[in-house]
Amino acid sequence: MGLFGKALKRIRQGLPKMDFIKNKHGDCANFDNGTCKVFHFTNLDPEGQACPHFKAKKLAETENKTKNLEK
Ligand code: SF4
């Protein structure tokens, strides 16, 4: 990998992840009946654009299961 390749890799690693753009509040584990448990936003539209703190529901469920197995 040349100098240009290394510089490009560093730039890519430094950029924030933008995966949350594809998701909606309704798919977030922190979303509960129109409110955000993290930021305490109310009247959120479940179809609205997710924020960078998006946490997938399925991912949260598997994390909880592994925590229970570790105990
Ligand atoms: S996407 Fe962000 S604002 Fe929406 S429920 Fe999740 S954490 Fe809260």
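Of the 14 residues of helix α2, the number buried is zero, so the helix lies largely in the open; here a residue is buried if 20 or more other C-beta atoms lie within 10 Å of its own, exposed if 12 or fewer, and partly exposed in between, with C-beta atoms placed from the backbone. The structure is a predicted model, in which local features need pLDDT of at least 70 and side-chain atom pairs count only at pLDDT 80 or more, while totals for chains, interfaces and linings use all residues. Residues are numbered from 1 along each chain as its sequence is written.

**Overall build**

- The protein has two helices and two strands, which follow the pattern α-β-β-α when read along the sequence; helices (H or I, at least four residues) and strands (E, at least two) are DSSP runs, numbered from the N terminus.
- The radius of gyration of the protein is 17 Å, well over the 11 Å that the globule rule gives for 71 residues, so the protein is more spread out than a compact globule; this radius is taken over C-alpha atoms, and the rule is 2.2 Å times the number of residues to the power 0.38.
- Along its principal axes, the C-alpha trace spans about 50 × 35 × 15 Å, and buried residues make up 7% of the 71 residues.
- Among the contacts in the protein with a separation of 6 or more, 48% are accounted for by residues 24 or more positions apart, where two residues are in contact if their C-beta atoms, placed from the backbone, lie within 7 Å.

- Helix α2 reaches 20 Å from its first C-alpha to its last, close to the 20 Å expected for its 14 residues at 1.5 Å a residue.

**The surroundings of the ligand**

- The ligand is surrounded by H25, C28, N30, F31, C36, V38, F39, F41, A50, C51, H53 and F54, a residue being near a molecule if its C-beta atom, placed from the backbone, lies within 6 Å of it.
- By class, this shell has nine nonpolar, three polar and no charged residues; Ala, Val, Leu, Ile, Met, Phe, Trp, Tyr, Cys and Pro count as nonpolar, Asp, Glu, Lys and Arg as charged, and the others, Gly among them, as polar.

**Residues in the loops**

- M18, in the loop between α1 and β1, counts as exposed with 8 C-beta neighbours inside 10 Å, and its C-alpha atom is separated by 9.6 Å from that of C51, 33 residues apart along the chain.
- K55 lies in the loop between β2 (35-36) and α2 (57-70) and counts as partly exposed, with 16 C-beta neighbours inside 10 Å.
- Leaving aside neighbours within four places in sequence, K55 is in contact with C28, A29, N30 and A60, and the C-alpha atoms of K55 and N30, 25 residues apart along the chain, are separated by 6.9 Å.

**Positive phi values**

- Most residues other than glycine have a negative phi.
- N33, in the loop between β1 (31-32) and β2, is not a glycine and yet has a positive phi of about 50 degrees; N33 counts as exposed, with 7 C-beta neighbours inside 10 Å.
- N43, in the loop between β2 and α2, has a positive phi near 55 degrees and is exposed, with 6 other C-beta atoms within 10 Å.

Notes. The expected span of a helix is 1.5 Å times one less than its number of residues.
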